[in-house]
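Here are some notes for a first look at this structure. Please keep the sequence and the 3D view open while reading.

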Amino acid sequence: MIHGERPSHDELVSMLGVPITVEDARARWGGLIEEAKSGRTVMIIRERWEWAALVPLSKVGGVLTGLPLVGLSTARSKLGDLVRQVADPYSEPVVLGRHRKPVAGLVGAHVLLGKEGPERPSAADALLVGGHTITLTHNPAEGLVLAVARDRDGREVSAGAGHNAREALRDLSEPPPWP
């Protein structure tokens with residue numbers, strides 16, 4: 001895994017206090033979830049350089065609809081993997097839920113510092129910048145949103161599908177650089 005610029009650990013500690021390890025978080029999981037629901041942020045670290053935060057839903061940026069929802073018991077057992085996942089500067093937050101109802105979030109530490117990871121343009125952005133058009137349609141029979149990218153001559157160059165527009169656009173792939 002290639003690591004970008006890591007957040008300042010000193011800055012995080014001064015903001016939120018000393019982080020706890022994944023093992024400590026698992027041992028105190030129920031109480032930590034209640035703290036997050038009450039508005040408190042708790043830092044969780046894995047292998048010294050992977051920093052995440054258990055946060056209230058209000059601190060999970062963006063629209064929650066397109067984010068993965070992980071049950072609390074599953075999240076507890078897979079907490080190390082989830083911390084690694086959200087600590088990646090390109091990753092999205094994970095919403096934690098009880099009975100499919102969101103209750104808290106797990107975000108990368110860089111989000112709390114107001115430092116997003118290095119920007120990586122999406123395939124949809126690359127297609128649009130390259131002069132292509134993208135059309136979104138909903139297929140009610142399959143319950144999917146379809147994204148179709150066409151070049152200037154109207155030829156289809158890429159297609160994607162998902163349960164919402166975000167997933168469909170993410171599923172698009174960039175066309176090859178040759179005509």
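1. The backbone nitrogen of arginine 155 lies 2.9 Å from a polar atom of the side chain of aspartate 151. Please note that this is a predicted model.

2. Aspartate 151 has another such contact. A polar atom of its side chain is 3.0 Å from the backbone nitrogen of aspartate 153. Aspartate 151 sits in the loop between E8 and E9.

3. Is aspartate 151 buried or exposed? The cut-off for buried is under 20% relative accessible area. Aspartate 151 has 15%, so it counts as buried. Leaving aside residues up to four places away in sequence, aspartate 151 touches His132 and Val157.

4. Now look at glycine 130. It lies in the loop between helix H7 (123–129) and strand E7 (133–139). Glycine 130 is partly exposed, at 42% relative accessibility. In sequence, glycine 130 and aspartate 151 are 21 residues apart. In space, their C-alpha atoms are 8.7 Å apart.

5. Which strands form it, and in what order? There are three, in the order E7-E8-E9, and the sheet is open. The pairing is antiparallel. E7 and strand E9 (156–162) are the edge strands. Each has a single partner strand, so one side of each has no neighbour in the sheet. On average, neighbouring strands here are turned by 20° against each other, direction ignored.

6. A closer look at one pair in that sheet. Strand E8 (residues 144–150) and E9 run antiparallel and are joined by six bridges. Valine 148 is placed opposite alanine 159 in E9. As background, strands of a sheet pair through backbone hydrogen bonds, either parallel or antiparallel.

7. There is also an open sheet of six strands. Its order is E1-E2-E3-E6-E5-E4, and its pairing is mixed. Strand E1 (20–21) and E4 are at the edges. Each of them has a single partner strand, so one side of each is left without a neighbour in the sheet. Helix H5 (residues 79–87) packs on this sheet. H5 touches strand E2 (42–46), strand E3 (50–55), E4, E5 and E6. The direction of H5 makes about 60° with that of E6.

8. Why is strand E5 (residues 94–98) described as largely enclosed by the rest of the structure? Because four of its five residues are buried.

9. E5 pairs in the parallel sense with strand E4 (residues 69–71), over three bridges. Valine 70 faces leucine 96 in E5. Glycine 71 stands opposite glycine 97 in E5.

10. E5 also pairs with strand E6 (residues 101–108). These two run antiparallel, joined by five bridges. Valine 95 has glycine 105 in E6 as its bridge partner.

11. Finally, check the turn from E5 to E6. The hairpin of these strands has two residues between them. In this hairpin, histidine 99 takes a positive phi near 55°.

Terms used
Residues are numbered from 1 along each chain as its sequence is written. This is a predicted model: local features need pLDDT of at least 70, side-chain atom pairs count only at pLDDT 80 or more; totals for chains, interfaces and linings use all residues. Side-chain values use heavy atoms; hydrogens and water are left out. Buried means under 20% relative accessible area, exposed over 50%, partly exposed in between (1.4 Å probe, protein chains only). Two strands pair if DSSP finds at least two bridges between them. Axes are lines fitted to C-alpha atoms, for helices over the stretch in contact, and angles run from 0 to 180 degrees between N-to-C directions. A polar contact is a pair of N or O atoms within 3.5 Å; within protein, one must be able to donate a hydrogen and the other to accept it, and residues adjacent in sequence count only if both atoms are side-chain atoms. Contact means heavy atoms within 4.5 Å.
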